[in-house]
Amino acid sequence: MVVKVYGPAFACPKRVLICLVEKEIEFETVPVDIIKGEHKDPEYLKLQPFGVVPVIQDGDYTLYESRAIIRYYAEKYKSQGTDLLGKTIEERGTVEQWLEVEAQNYHPPIYNLVLHVLFSDKMGFPADAKVIEESEKNLGKVLDIYEERLSKSKYLAGDFFSLADLSHIPFTNYLGAMGKMYLIKEREHVSAWWDDISSRPSWKKVLELYPAPILE
Amino acid sequence: MATPVKVYGPPMSTAVSRVLACLLEKDVNFQLIPVDMSKGEHKKPDYLKIQPFGQVPSFQDESISLFESRAICRYVSEKYANQGNKRLYGTNPLEKASIEQWLEAEGQSFNPPSSALVFQLAFAPRMKLKQDLGVIKQSEEKLAKVLDVYEQRLGESRFLAGDEFTLADLSHLPNTQYLVSVTEKGEMFTKRKNVGRWWSEISGRDSWKKVVDLQKAPPPKSA
């Protein structure tokens with residue numbers, strides 16, 4: 001049975017795709033056109049009642065929320081592919097800490113930036129300059145803390161690449177299209193970390209197969 | 001008896017209370033260490049050393065320091081898997097995956113609008129800050145849509161992740177407690193039949209009642 005991933009063109013599903021490639025798990029994808037509103041179709045809502053992407057189907061089994069999906073597969077296939085969870089309960093705890101930091105502190109401002117700067121026209125709402133300004137400021141504050149962390153640690157959770165780093169890749173990639181990659185490049189250790197994680201073969205493969213809907 | 005774990009932060013903080021509920025469910029002894037947020041203690045260098053984002057809670061046991069309440073809950077549930085409520089984080093991978101799905105739904109869909117409402121309606125008045133009516137209206141609309149999804153789910157399932165109370169339900173306790181007990185938005189929960197039934201069950205647990213008592217205790221006098 002091959003895992004089916006819905007909505008591969010978009011950033012949250014790409015978290016799942018990177019993880020599946022790292023874990024050497026076969027998958028297929030089903031396009032969901034968010035611009036056309038397919039994620040709000042009754043058929044889609046049966047799979048994902050909150051009307052967001054991704055959702056996965058694995059045989060009869062359905063699971064949604066990208067960070068739940070990556071935790072599930074990283075654990076289920078712990079002994080194959082890249083180890084994304086650490087070797088001990090303590091290392092796992094640190095991975096969880098930085099994955100929650102991404103979810104609670106990094107994701108909200110970068111998501112707002114992507115939505116307003118890249119998607120507002122296509123989705124038919126006015127870009128809010130104040131939201132963009134606030135979000136960039138908040139993202140900068142978070143990145144200052146990352147700079148300090150990454151000056152002491154090669155990856156967020158320690159000396160190993162983990163789900164915590166992986167979770168940052170798809171949205172951070174959009175900074176290029178927004179002309180805001182300076183937020184990363186201006187910070188020496190964040191920049192080195194980004195160069196490292198974004199040059200992983202898994203990310204290159206995912207980008208090649210499923211280019212983002214907004215062209216750079 | 002194991003050395004008590006340390007939790008830094010005031011019990012009235014929603015994130016701190018999330019961790020306390022988990023520790024009580026798992027029968028893990030803890031020491032609550034005050035952080036006086038009204039005096040900005042959480043933004044001072046000594047605290048930033050243990051939580052660089054200047055947020056509460058922070059957690060320490062004999063082998064690790066951690067922050068982010070949901071990460072702490074996951075770590076505690078795994079480390080102390082064999083004591084207290086053993087079903088809190090699932091007993092097999094599929095149960096755990098369902099818990100993770102609903103924990104993420106809480107963190108990504110439920111938390112933003114509900115914590116905005118908690119801040120605007122419960123905390124801003126106490127802090128003598130002006131309320132933002134636009135934020136209140138938007139948050140209420142978003143939360144209503146989320147609760148409609150929960151209403152459907154809880155008509156099919158006793159708890160969010162399945163038949164048992166888990167971390168996924170627990171994670172919702174702090175924000176909902178404020179909304180139901182000190183704001184007029186409690187009806188959003190109590191007027192939805194299945195959500196109302198679920199709220200009664202989860203908030204009636206001994207562990208949560210103890211947390212609510214801790215929240216009501218007078219704050220410790222500053223040193």
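This text walks from the inside of a predicted model to its surface. Local features here need pLDDT of at least 70, side-chain atom pairs count only at pLDDT 80 or more, and totals for chains, interfaces and linings use all residues. Residues are numbered from 1 along each chain as its sequence is written, chains are lettered from A in the order in which they are written, and side-chain values use heavy atoms, without hydrogens and water.

Start with the core. The largest nonpolar core has 136 residues. Such a core is a set of buried Ala, Val, Leu, Ile, Met, Phe, Trp, Tyr and Cys residues joined through side-chain atoms within 4.5 Å. Helix α4(B) gives the most to this core, with 11 residues. Helices are DSSP runs (H or I, at least four residues), numbered from the N terminus.

Tyr150(B) is among the residues with the most contacts inside the core. Contact means heavy atoms within 4.5 Å. Not counting residues up to four places away in sequence, Tyr150(B) touches Phe50(A), Trp102(B) and Trp198(B), among others.

Next, find Trp199(B) in helix α9 (residues 193–203) of chain B. Is Trp199(B) buried or exposed? Trp199(B) is buried, because its relative accessible area is 7% (buried is under 20%, exposed over 50%, partly exposed in between, with a 1.4 Å probe and protein chains only). Beyond neighbours within four places in sequence, its contacts include Leu173(B) and Trp208(B).

Now move to Met127(B). This residue sits in the loop between α4 (93–126) and α5 (133–156) of chain B. Met127(B) is partly exposed, because its relative accessible area is 48%.

How values were computed. Helix = DSSP H or I, 4+ residues; strand = E, 2+ residues; numbered from the N terminus.
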